[in-house]
Amino acid sequence: MPKSQFIDPKVIRKAGKITFGTIPVNQYNKKLADERNHFADGDLIRIYRDMVIIREFETMLNDIKIRNEYHGIGYNHPGPAHLSIGQEAAAVGMAYHLSVDDLIFGSHRSHGEILAKGLSAITKLEDGDLMSIMKGYFDGRILSIVEKERNGNVKDLAVRFLLYGTLAEIFARENGFNKGLGGSMHAFFTPFGVYPNNAIVGGSGDIAVGAALYKKVNNKPGIVVCNIGDASMACGPVWEGISFAAMDQYTELWDEAYRGGLPIIFNVINNQYGMGGQTCGETMGYGIAARIGAGVNEDMMHAERVDGYNPLAVIDAFKRKKKLLLEKKGPVLIDTLTYRFSGHSPSDASSYRSKEELEAWQDVDSIVTFGEDLVKEGITKKDELENIRSVTVDLIRKILSLAIDDSISPRIDLEKYPDAIGGMMFSNGSVDRFDDREPEVLMPLSENPRVKSIKSRERFYLDKNGKPASKAKVFQLRDGIFEAIIDRFYKDPTLVAYGEENRDWGGAFAVYRGLTESLPYHRLFNTPIAEGAIAGTAIGYGMAGGRVIAEIMYCDFLGRCGDEVFNQLPKWQSMSGNLIKMPVVIRVSVGSKYGAQHSQDWSSLVAHIPGIKVVFPTTPYDAKGLMNSALQGTDPVIFFESQRIYDVGEQFHEGGVPEGYYEIPLGEPDIKREGTDITILTIGSTLYTAIQAAEKLQSVYNMSAEIIDARTLVPFNYDPVLESVRKTGRIILASDACSRGSYLRDMASNITELAFDDLDAPPVVVGSRNWITPAYEMEQYFFPQPDWIIDAIHERIVPLKGHQAKTDWSVTGQMNRSQAGV
């Protein structure tokens, strides 16, 4: 919504037509003889060697899966093994010109890319750097295994390190690159620039874009390659990631120093099949995947189809495309044509394709044909190639023997250390800033217009005369969030924030109002309406080394980024063996007034997923302190905010909201009102509903209610709640989430188990009805009301003298509603 870009109806309503340029298809036509001046003989032989290593590594896995044996070594591997046998030239060609600063992301079928990128890195790194990496990784644990049989140079040792670390990871061994917690489909090794491979088809499509964004915003060297399959072109993360990567603002609106496209290549490793579906002619309509670039931007993403059965063709393409990215002309799309001899997995009998088709591709096997060319050109001899294959088989046998030996390669001992994995779910770090450079801002913090405006506001809800301050003069919950965020922008130069309507508008609910004045475009910007990409790019940005705040405008839109929030964000820290950090805060606004698809509280869904910290503040003091903690930490946080209470003042913290910096530890509930007869535990804006109920309970029924605001769902310290229950003997729990499956049910169950002897009655949960959220005019019949809490106390906990319940909280009523599914 930049005012500088005038949308002129006289211009855009003119008649015209769109014309497209030419997309090259398999245009590389050089022979090996033509390339002799560009490659040393040793480099060409290394290309062959790398392909052979990948082929034999995966042949070993295939044999283990199918026959439980490889060259006399027996082993049973029940886990997955999605192989890329036949695709070696595509992998080695992709990695050839990449440095360790260039990052690759992959898919469930990425063993080949892991090894190709690792082998390329080993070639380029100096011996000292290699030894430093190997010694420093898990304190040299992997190195100590492969070093015992060291009989060559450092680079040979590093090859064994790479193969062993990868295979140990595939076999879920603690010596694996990710302590065995990633496995076959998620293995990676960041020191070589190998970033997470993704078991979800297309899952890297937006995450890799976030890593490219990190490089661009923070002026870091290198590019990003997103390796995805042809079938993933139908997946939301890929389309949304491409849209995010191709935004016009990079070239139109960002400051000159940052202007230009994202440094990312979407590399479609096009093996013709997605599971058993043939993408060309059956399940897709693009014919040639490179065609997709034509619909993205005027540059058509510099799209090109490349013959992925010729490693030199792929090397040539990546050299040219990397140059474009370094000239800030990204994003780029490469359609790398290849073919897998193996099935989707070893259990796949390939019944969907003919024997003739498979044999036709085997006849042009890139390893065989490239080897023949090497011999024909006199670069090497046939027996020397055979020696490479023989040495490789011997190497793979040795690596396999090491990886399956329980005494050498044990799994994490969950008998001895039952909480070992639990200890890696969160990093629980505290980091002021992720880079030492000065943050880029447009003015001193003290001169920001909103900062100056807030200074004059009442930081407690009562003014100096003890009267409630007007909304225009009181420090509001949205102000607390703003103060924490703008403070961090002036501390951490890597921090960026984005979402729909974040810049200029100030966010849909005015939390960001004032940020535009302080921040350049590359630190605060608007995104496409693509919640998947908003969350996915935040994941990539965080794992690459930066801090990010992504905004999901309505809680209901979490469904649009479900995989990113539920399946990606929570898992990469632990799947990395806790090496990767994920300093990502996703702000989620919980609505009302807007009906069934804009007014739902889904905090329970998020809290159900291990690996995410879940925060839901309801006062300005808590909002600021908890956001400060979230932005100081190194873990993913979903930060819920209720639209009902953005404008409330601080009613509970004596002295109001401090102007300076402070943190509230995540996981600590807070007593908002002391009482002696019953405990009310609330999540979200029902705190204020509970306050109204407590006032009526006190004035009408002489019942003293103690109110505890959860503030955080995950983690959660039960001690203050249990202490309260020991005093009151009774507890009722309330939130705006629908009662069925509510996180309150989990809390109630835990409280029952932990405080059974102290309870005079079972805990009772008061949530929203199990309906669609109706229109605003009927919300009082859907969301918890003060009378609902009182009625529930009367019918389920303790009778209130003279009380007449207006709503049905009887056991019979609950059973009837359950039977009806509502």
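In what order do the strands of the open sheet of 7 strands lie, and is their pairing parallel, antiparallel or mixed? In this predicted model, the order is β12-β11-β13-β14-β16-β15-β20, and the pairing is mixed. The edge strands are β12 (524-526) and β20 (712-714), and each of them pairs on one side only. From one strand to the next the twist averages 20°.

Within this sheet, strand β15 (residues 613-615) and strand β16 (residues 637-642) run parallel and are joined by 3 bridges. V615 faces F639, standing opposite that residue of β16.

Domain 1 covers 32-407, domain 2 covers 445-645 and domain 3 covers 670-820.

Strands of a sheet pair through backbone hydrogen bonds, either parallel or antiparallel. For strand β6 (residues 264-270) and strand β10 (residues 332-337) the sense is parallel, and the pairing extends over 6 bridges. F266 stands opposite L333, a residue of β10.

Salt bridges in the model come to a count of 41. One of them joins the side chains of R55 and D365, with an N to O distance of 3.0 Å. R55 belongs to helix α2 (residues 41-67), while D365 sits in the loop between α12 (355-362) and α13 (366-376), so this pair ties together parts that are 310 residues apart in sequence.

The next topic is how domain 1 meets domain 2. Their centres, taken over C-alpha atoms, are separated by 36 Å. The contact takes 36 residues from domain 1 and 36 residues from domain 2. The size of an interface is often given as the accessible area lost when the parts come together. Between domain 1 and domain 2 about 2800 Å² is buried, and 71% of this area is on carbon and sulfur atoms. On the domain 1 side, Y214, E240 and F244 supply 20% of the area buried against domain 2, more than any other three residues.

What is the count of salt bridges between domain 1 and domain 2? The count is 0. Polar contacts are found there, however: 5 residue pairs are in polar contact between domain 1 and domain 2, counting pairs with both residues at pLDDT 80 or more. The side of domain 1 that touches domain 2 draws at least two residues from each of β4, α8 (204-217) and α9 (236-245). Of the elements on that side, α8 gives the most, with 8 residues.

Conventions: Residues are numbered from 1 along each chain as its sequence is written. This is a predicted model: local features need pLDDT of at least 70, side-chain atom pairs count only at pLDDT 80 or more; totals for chains, interfaces and linings use all residues. Side-chain values use heavy atoms; hydrogens and water are left out. Two strands pair if DSSP finds at least two bridges between them. Helices (H or I, at least four residues) and strands (E, at least two) are DSSP runs, numbered from the N terminus. Domain bounds come from an automatic or database domain assignment. Contact means heavy atoms within 4.5 Å. Buried area is the accessible area (1.4 Å probe) that two parts lose on being put together, summed over both. A salt bridge is a side-chain nitrogen of Lys or Arg within 4 Å of a carboxyl oxygen of Asp or Glu. A polar contact is a pair of N or O atoms within 3.5 Å; within protein, one must be able to donate a hydrogen and the other to accept it, and residues adjacent in sequence count only if both atoms are side-chain atoms. Axes are lines fitted to C-alpha atoms, for helices over the stretch in contact, and angles run from 0 to 180 degrees between N-to-C directions.
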